[in-house]
Each structure stands twice: as C-alpha cells, then as structure tokens.
Amino acid sequence: MDSLTITLPDGSQQSFPQGTRPLDVAQSISPRLAADAIVARVNGELFDLTRPLQTDSTLEILTPKSPDALHVYRHSTAHLLAAAVLELFPETQLGIGPPTDSGFYYDFQRDTKFTPEDLEKIEAKMREIQARNLPFDRKLTHKEEGLEKYRNDWMKRELIEERAGDVFSEYTLGPNFIDFCRGPHVPSTEKLKAFKLLSIAGAYWKGNEKNPQLQRIYGTAFFTKKELDEYLNRLEEAKKRDHRRIGKELELFTVNELVGAGLPLWLPQGATVRRVLEDYILDKERRTGYQHVYTPPLAKVDLYKVSGHWEHYHEDMFPPMDLENEQMVLRPMNCPHHILIYKSKMRSYRDLPVRIAELADMYRYERSGVLSGLSRVRAMTLNDAHIFCTPDQIKSEFTKVMQLVEQAYRDLGITQYSYRLSLRDKANKEKYVDNDEMWALGERVLREAMDSLNLPYVEAPGEAAFYGPKLDIQLADVMGHEETYSTIQIDFHLPNQFDLSYIGPDGQEHRPVIIHRAIISTMERMISYLIELYGGAFPVWLAPIQAIVLPISDRQNEYATQVYEKLISAGIRTELDTRKDKVNSKIREAQLHKIPFMLVVGDREAQGGQVSVRNRKSGDQGVVGVDDFVSRLSQLIASKSLEE
C-alpha cells in the first residue's frame with residue numbers, strides 16, 4: 001500500500017498508509033487527543049475525522065478549544081434535529097440546516113404547524129437518537145442520481161441543481177436518514193451531548209418573501225452542559241430585558257397594524273426619553289461646532305441618481321411616487337440634502353471644516369421578516385451629520401468625532417463596544433465605486449487615525465459603504481451579539497458626484513472631503529438598546545419620570561402638591577399620586593414602573609417640610625428636607641450620573 005506524508009502543526013512529519021483517517025493520526029499522537037477530537041483541518045479545509053486521506057497533507061486536529069470546532073458541532077446537531085423530525089413526522093420535507101453564531105436551525109416544509117409540545121417530543125427524540133451513537137457517514141453521489149433520488153423533494157432538487165458538481169456529498173445518520181450536505185461533521189452522535197431546542201418561527205425559502213414559507217426550528221448546542229446552562233441563563237435574562245416587552249409594560253411605544261409594520265408610535269413616556277436623548281446630543285454637537293439644519297424627508301429620484309444611491313441602494317428604498325411631472329421618493333439617507341446645503345454658496349478654505357447636523361427622518365424598505373420593535377424599523381430618525389473638510393483636516397476631525405462618541409457612550413453608560421474598520425470587497429465592482437486610488441487613500445487615513453488614537457479594531461472586508469470605507473462602532477447586547485450603532489465614513493466620491501469645491505489659499509478651486517458620522521445611531525435603535533441595557537430602569541437623567549410624590553392619605557394631599565410643584569419648578573420630571581390606594585400599593589406600582597425616587601409624605605413629613613425618600617434600587621433612604629432632596633437630585637441629573 002502506498003504511503004503518504006502528514007505534516008503536523010508543529011512542523012513535524014510522519015508517514016502513514018494511504019487511506020489513513022485523521023482520527024487514526026490523532027490516536028497515534030495521543031489517545032486523549034483522539035477522544036477530544038471534533039473535526040480535522042486538512043490543507044486548510046475542514047475535513048471529517050473518519051474520511052480517508054489520499055495524498056500528502058498538512059493536518060490539524062480540532063478539539064473543543066479550537067475556534068471552528070463549535071461550528072461543525074452545531075451543524076451536526078442540526079442534522080440530528082432533522083433526523084428526529086423525520087422519525088416523528090415522516091411526511092416532512094427538509095430545507096436547509098446551517099449552524100449560526102448562537103446555535104443552529106433547520107427549515108422544514110410540513111402542512112401541519114409544529115407546536116411547543118412537538119418541540120419537546122422532537123428534543124426527546126434527538127436524545128434518543130444521540131444515545132444510539134450513530135455515525136455521520138459521508139457518501140458520494142452522482143448529480144443525475146441525486147436529482148432522481150430527490151425527484152419528489154423540490155428543495156433538495158433545487159439545491160443540487162444550484163450547488164452540486166458532477167459528484168456531490170451526502171451524509172447519513174443511521175440507516176434511515178440521508179441529506180445532501182457538504183459537511184464536515186463530527187464522527188458520531190456520541191459527541192453531541194449538550195443541546196436545546198428553543199423556538200419555532202416562519203421563514204421564507206432562501207429568505208425570499210416571494211418563495212414558499214417554511215417552518216424553522218431554532219436550537220443551540222455547546223460542548224458541555226455548563227456552557228449550555230450559562231447560555232440559557234443569558235437567554236432568559238435577554239427575554240426579561242427584551243425592549244418590546246418592556247416597552248409595552250412601561251408604555252414607551254406601541255405598534256398598530258392600521259399604521260403599518262415597522263412604524264412605531266411613541267407614547268408619552270417613550271417620547272420623553274427620546275426628547276431628552278435628542279436634547280443631549282444636540283447640545284453636545286452645538287458645543288463642538290455643528291450647525292443644525294432641517295431638510296425634507298423626500299426628494300426627486302434624480303437626486304439619488306446623482307449621488308449613486310439609486311444605483312446601489314434602490315432595492316432598500318420605498319417605491320417612487322409620481323407627482324405631476326416629477327418622481328419623488330422617501331429618502332433612505334440624508335447626505336444628498338446636506339451636500340446641497342454646503343453647495344448653496346461658495347466656500348473658502350477659511351470656512352472649513354463645515355459641520356452640518358440634523359436629527360433627520362429617513363425611510364427604508366426593511367422586509368417584514370426582519371422588523372422588530374424599535375431596533376429594526378422602516379421610519380427612523382438619525383443623529384446625522386456631515387463634515388466638509390480639506391484632506392489635511394481629516395485626521396483631526398475624525399479624532400474629534402471619536403471623542404464625541406466616547407463621551408456620549410460614557411454618559412449613556414455604554415461599556416461593551418468594539419471598533420470595526422469596514423472595507424470594500426475588491427472583487428465586487430457592482431456594489432462599490434470602482435476607484436482604487438480613492439479607496440486606498442480612505443482606508444489609509446482611517447487606519448492612521450485609529451492607530452494614532454491607540455484604539456484596537458478589526459477589519460471587515462465587504463462591510464463598507466458603496467462610496468467609501470468607514471469605522472463602525474459595534475455594541476454588544478446581553479447575549480454578546482454585536483450590531484453597528486455609531487459610524488464614521490470617509491467619502492471622496494460624493495464630492496465628485498456633486499462637483500463640490502472650496503477656494504484654497506492659492507485662489508483655485510479644490511475638492512473637499514466629506515466625513516459622514518452618526519454618534520448615537522437612530523433614536524429608535526439607540527433607545528431599544530438602552531431599554532435592554534438597563535432593563536427599563538433608565539439612569540435618572542434619562543428616566544421619563546424621575547420622582548413621584550406619594551401622600552399616605554388625603555390629609556397630606558395639599559402638602560404633597562406643594563412638594564410636586566417645587567420639583568416641577570426645579571425641572572425635575574415628577575408625578576403626583578393622590579389616589580386613595582394604600583401607600584404600599586402605590587410604592588409597588590412605582591417600583592414596577594421603575595421610577596428612580598419615590599417620595600412618601602405623611603403627617604410627620606408635612607409638619608417638618610420633609611419627604612421620606614425611597615430609591616428603586618436601595619429602598620428606604622430616610623427623611624430629608626425637600627430643598628436638600630431637590631438639590632441632590634438636580635446634581636445627579638446635571639452630571640448625567642449613573643448612580644442613584
């Protein structure tokens with residue numbers, strides 16, 4: 001039998017018979033390594049442990065400590081889910097079942113809807129199959145044979161026609177389950193020890209709403225029960241903090257089908273939080289040299305053809321409206337409007353930088369399947385600004401924007417965030433403006449600026465705006481999932497599109513650079529994040545109601561009203577509860593509404609010009625004079641304190 005040479009990660013080489021499996025190599029190195037092995041990496045590609053090696057190869061054995069191992073583990077668990085569904089409901093057809101960052105899912109077509117009770121049965125069946133220690137065996141199938149085999153399974157036929165070569169791989173799981181799949185997988189179900197099914201949802205085939213709707217079962221899997229339990233605990237905490245649930249309980253916002261999906265209605269309490277946040281960022285911008293403007297939320301389609309948004313972004317815009325001899329469209333972004341404000345008069349280099357800012361309404365055609373409360377909407381208000389500057393001013397302006405971002409995050413109590421340098425995909429000439437010199441300059445300037453600030457960042461090819469690279473600030477939720485909230489973009493393209501200029505020291509026209517920036521994202525998305533960050537218990541400076549006055553009986557109503565008016569006069573958002581309910585009941589209700597301070601007023605307090613202070617976190621704080629309390633609370637609010 002021919003031999004082959006295996007090169008190990010430490011650079012050493014060993015000879016093995018042709019047809020040796022990676023699992024055999026692991027066993028020769030260490031029985032413990034073989035026992036821990038999940039999958040192999042052969043010549044840089046993930047590879048089944050039980051698949052024979054036919055040529056000289058570099059080989060790495062991946063264990064639970066290896067980054068890619070969990071991906072394979074979860075993919076195998078998705079197959080285990082599909083096998084369990086088919087044993088229980090054999091009439092079901094299989095869609096796709098990929099791993100995800102947090103677990104896995106599988107899409108199924110079945111006339112009858114899955115129920116929560118079905119989920120329990122399916123998970124029990126998964127454990128039963130897992131205990132059989134069935135191997136994941138790889139089988140090669142000719143394309144024509146596969147198309148005939150799946151002639152009654154339209155999803156598998158479509159996948160094979162689109163993705164399969166002349167020969168493709170399938171994986172079996174016991175004698176009764178086989179699925180078209182590239183793999184790889186764990187050696188057997190014995191490896192799959194910690195998993196949990198989570199939910200059922202609808203999902204369109206391939207994510208296209210024009211395709212049939214399937215049923216998607218979500219699950220998660222980890223290498224150990226301890227890791228699984230920790231994840232489930234975080235998931236339970238995330239459910240408690242879900243901004244949609246809290247938003248309803250605290251009467252912050254609502255949605256109504258008569259208005260439309262993705263178009264939330266701000267209720268008085270939520271509108272107060274939003275207004276405070278808007279006032280905060282407007283004040284910060286005024287103090288750092290921004291000029292605020294108002295621009296209309298729609299424009300002629302021609303405007304977006306000039307900017308290039310129509311070519312690159314029109315699928316995410318609402319359809320145009322025919323208006324007499326014009327076609328108007330709701331804007332998906334604000335930069336063209338601000339560019340025209342800059343262009344409204346001749347500019348000198350002495351005028352630059354020009355910082356134009358707006359709390360601007362925008363509209364984007366988000367598909368119904370991704371809409372969610374305030375975090376994903378169709379109508380939004382962005383804390384937007386555009387800085388028109390000379391090339392020499394880019395780094396200093398970028399630094400000032402970063403300082404503003406970090407100040408805002410400190411004041412809002414946001415600590416879990418990271419920086420992502422979003423670059424173009426050089427091979428994608430359709431998505432990105434084709435100008436190598438422009439991209440090279442923009443990317444270099446961003447890297448130099450970040451390096452000069454000593455801020456760590458990761459690079460993400462394919463995540464840039466179509467007209468230039470950008471720095472995205474990624475915020476993590478309670479589950480560790482990251483989303484882009486703040487962004488800073490360097491743009492050499494749109495100044496060319498709109499023929500922007502300024503008169504330089506030499507008396508000649510020069511082209512400015514645009515820095516697009518959003519400090520705290522849209523009001524909708526940021527407030528959804530803050531609701532979940534604080535579980536609805538906003539810092540006192542952001543809280544919609546900062547204090548509530550609670551008289552014990554009707555005898556104290558007159559004094560309670562005086563206390564209430566004094567707080568209102570001091571600019572403190574206060575409510576007065578003169579209902580005849582018992583004071584303990586009023587306290588419980590105020591606690592449920594997460595009001596920072598409850599001021600209980602009885603005969604003693606009325607006689608002494610005092611209030612009995614109760615804090616939502618620490619409870620009873622004793623009796624203090626009204627003026628002392630107003631002074632203390634006003635200081636907490638003015639300092640944007642996160643303490644109470």
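This is a predicted model: local features need pLDDT of at least 70, side-chain atom pairs count only at pLDDT 80 or more; totals for chains, interfaces and linings use all residues.
Student: How many helices and strands does the chain have?

Tutor: The chain has 20 helices and 32 strands. Its C-alpha trace spans about 95 × 75 × 55 Å along the principal axes.

Student: What share of the residues counts as buried?

Tutor: Buried means under 20% relative accessible area, exposed means over 50%, and partly exposed lies in between (1.4 Å probe, protein chains only). Here 50% of the 644 residues are buried. The accessible surface of the chain is about 31,000 Å², and carbon and sulfur atoms hold 48% of that area. Such areas come from the Shrake-Rupley method with a 1.4 Å probe, and for residues only the protein chains shown count as cover.

Student: Which part of the contacts joins residues 24 or more positions apart?

Tutor: A contact means heavy atoms within 4.5 Å. Among contacts in the chain with a separation of 6 or more, 68% are between residues 24 or more positions apart.

Student: Is Ser76 buried or exposed?

Tutor: Ser76 counts as buried because its relative accessibility is 0%. You will find Ser76 in helix H3 (residues 69–88). Apart from neighbours within four places in sequence, Ser76 is in contact with Phe136, His185, Val186 and Leu192.

Student: What about Arg132: where does this residue sit?

Tutor: Arg132 is in the loop between helix H4 (116–131) and strand E8 (136–142). Its relative accessibility is 36%, so Arg132 counts as partly exposed. Now look for Ala638, which is 506 residues from Arg132 along the chain; their C-alpha atoms are separated by 65 Å.

Student: Which residues are in contact with Ile548?

Tutor: Setting aside neighbours within four places in sequence, Ile548 is in contact with Glu575, Asp577, Ala590, Ile595, Phe597, Met598 and Leu599. Ile548 belongs to strand E28 (residues 547–551), and it counts as buried because its relative accessibility is 6%. Phe498 is 50 residues from Ile548 along the chain, and the two C-alpha atoms are 54 Å apart.

Student: Which bonds here are cis peptide bonds?

Tutor: Most residues other than glycine have a negative phi, and most peptide bonds are trans. Among the cis cases, one joins Gly183 and Pro184, with omega about 0°. Pro184 is in the loop between strand E10 (178–180) and E11. Another cis bond runs from Leu352 to Pro353, with omega near 0°. Pro353 sits in the loop between helix H12 (335–342) and strand E19 (354–363).

Student: And what is the phi of Glu324?

Tutor: Glu324 is not a glycine, yet it has a positive phi of about 55°. It is in the loop between strand E17 (321–323) and strand E18 (326–330). Glu324 counts as exposed because its relative accessible area is 83%. Asp499, also not a glycine, has a positive phi of about 55°; look for Asp499 in the loop between helix H15 (494–497) and strand E25 (502–503).

Student: How much space lies in the largest pocket?

Tutor: On a 1 Å grid over the protein atoms alone, a pocket is an open set of points with protein on both sides within 12 Å along at least five of seven lines, a cavity is a set where a 1.4 Å probe fits but cannot get out, and lining residues have an atom within 4 Å of a point. Points are joined across faces, edges and corners, and a volume is the space filled by probe spheres set on them. The largest pocket holds about 1,900 Å³. The elements giving two or more residues to its lining include strand E12 (213–222), helix H7 (225–241) and helix H16 (523–534). The largest share, six residues, comes from E11. Of the 48 lining residues, Tyr218, Arg244, Ser372, His481 and Glu483 lie nearest the centre of the pocket.

Student: How much space lies in the largest cavity?

Tutor: The largest cavity holds about 110 Å³, and the search of the whole structure finds one cavity of 30 Å³ or more. Among the residues that line the largest cavity are Leu250, Gln269, Phe538, Ile595 and Arg616. You have met Ile595 already, as a contact of Ile548.

Methods. Residues are numbered from 1 along each chain as its sequence is written. Side-chain values use heavy atoms; hydrogens and water are left out. Helices (H or I, at least four residues) and strands (E, at least two) are DSSP runs, numbered from the N terminus.
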